[in-house]
Amino acid sequence: MTIDQDLIDQLAGTVRRVVRERLIPAEPVLEETDRIPGELLATLRELGLFGMSVPAEHGGLGLTLEAEVEILFELCQASVAFRSALGTNNGIGSQGIVIDGTEAQKERWLPGIASGEIVASFALTEPEAGSDAASLRTQAHRDGGDFVINGTKRFITNAPEAGVFTVMARTDPDIPGAGGISAFLVEADLPGIAVGRPDRKMGQRGAHTADVVFEDVRVPESAIIGGPEREGQGFKTAMKVLDRGRIHLSAVCIGAAERLLSEALAYAMERKQFGEAISGFQLVQAMLADSRAEIFAARAMTRDAARRYDADERIPMLAASAKMFASEMVGRVADRAVQIHGGAGYMAETPVERLYRDARLFRIYEGTTQIQQLVIARNMIREAERGIA
């Protein structure tokens, strides 16, 4: 797939302007109300950002992943809540359908997802199944031509706004681990679905997560992503989606880090101590320089991984490496930004205080740093064993 670079540059420029003129000024209201103003959501829909990764034939922008990350570098310099509102539509909420869905499922769901009319949410994590997702307990029992789903999902992004859930459920209790899991497309308003109150989180206000309880929720067998013949293949679908999602999140971390560094640099040039701006102090300069170099490295890693994904290379190790490095990097940049601000950086009215809290989640969701380390090491060992053989 090729994308006109001039169009990407134009879209990135438009997003940059919207971020500067509309999204960043709205951050205090978002933080206070825990909600994105409706007119700003409408703007993001009009730009087509809910459907960046959805193919053009289904109403989306049909961007390559390489193009998508360039847009995210710009968008995520505003509060990450704005990205979160459309993130599941571009990632785990839609890509299972794009990759493995039937034509009927694509026609039914993708146009609404691309326009933002439908918010797609991914229901995998459970109270006892997070990093060990293959141990999930949600059951889907066959009843004639239907399945009946029972279970509880936890920390589900965009659950309060969702129009459709991709629900990972065990359809064969006799097969342990990942083998007996299927992926279902479940309309959010079906009887038996209860969405809990939005979680109270350390940061990322305006980006909502909640528990979702499924109690005797009946869906047809055609709701399995890919159709009935893909029963038991849901975990494989999830793994396909996660490689792409990890590169997407790497770009999110880079955008957030750019904003943090911009705030830190501006403050350092304004703040005076001992008769001069603190940007003239070498120890402050070291923190600024380390941050700039690490952002540059993460950006290069993410672009390379995205290009390789678009070229259909096998990239689990590269995706995990990019996500691990970028998420750890933004944590370090956030810490330095607060340090450069000194006491002011600990005050709630300073943007870096909120950005610091927001950044902490990046090392946890869509695979903790420790899970990324396991993925990287296991791939290294597997490749070495192939070389020996």
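S327 is buried, with a relative accessible area of 1% (buried means under 20% relative accessible area, with a 1.4 Å probe and protein chains only). The residue lies in helix α10, which spans residues 316–341; helices are DSSP runs of H or I, at least four residues in length, numbered from the N terminus. The model is predicted: local features need pLDDT of at least 70, side-chain atom pairs count only at pLDDT 80 or more, and totals for chains, interfaces and linings use all residues. Residues are numbered from 1 along each chain as its sequence is written, and side-chain values use heavy atoms, with hydrogens and water left out.

The S327 side chain reaches the backbone oxygen of M324 at 3.2 Å. Beyond neighbours within four places in sequence, S327 is in contact with C253, F362, R363 and T369 (contact means heavy atoms within 4.5 Å).

The protein is divided into domain 1 (5–115), domain 2 (120–231) and domain 3 (236–386). These bounds come from an automatic or database domain assignment. The centres of domain 2 and domain 3, taken over C-alpha atoms, are 30 Å apart. Eight residues from domain 2 and eleven residues from domain 3 form the contact.

About 860 Å² is buried between domain 2 and domain 3, and carbon and sulfur atoms give 60% of this area. Buried area is the accessible area (1.4 Å probe) that two parts lose on being put together, summed over both. Zero salt bridges are counted between domain 2 and domain 3 (a side-chain nitrogen of Lys or Arg within 4 Å of a carboxyl oxygen of Asp or Glu).

Key:
Helix = DSSP H or I, 4+ residues; strand = E, 2+ residues; numbered from the N terminus. Buried < 20%, exposed > 50% of the residue type's maximum accessible area, 1.4 Å probe, protein only. Polar contact = N/O pair within 3.5 Å; in protein donor to acceptor, adjacent residues only side chain to side chain.
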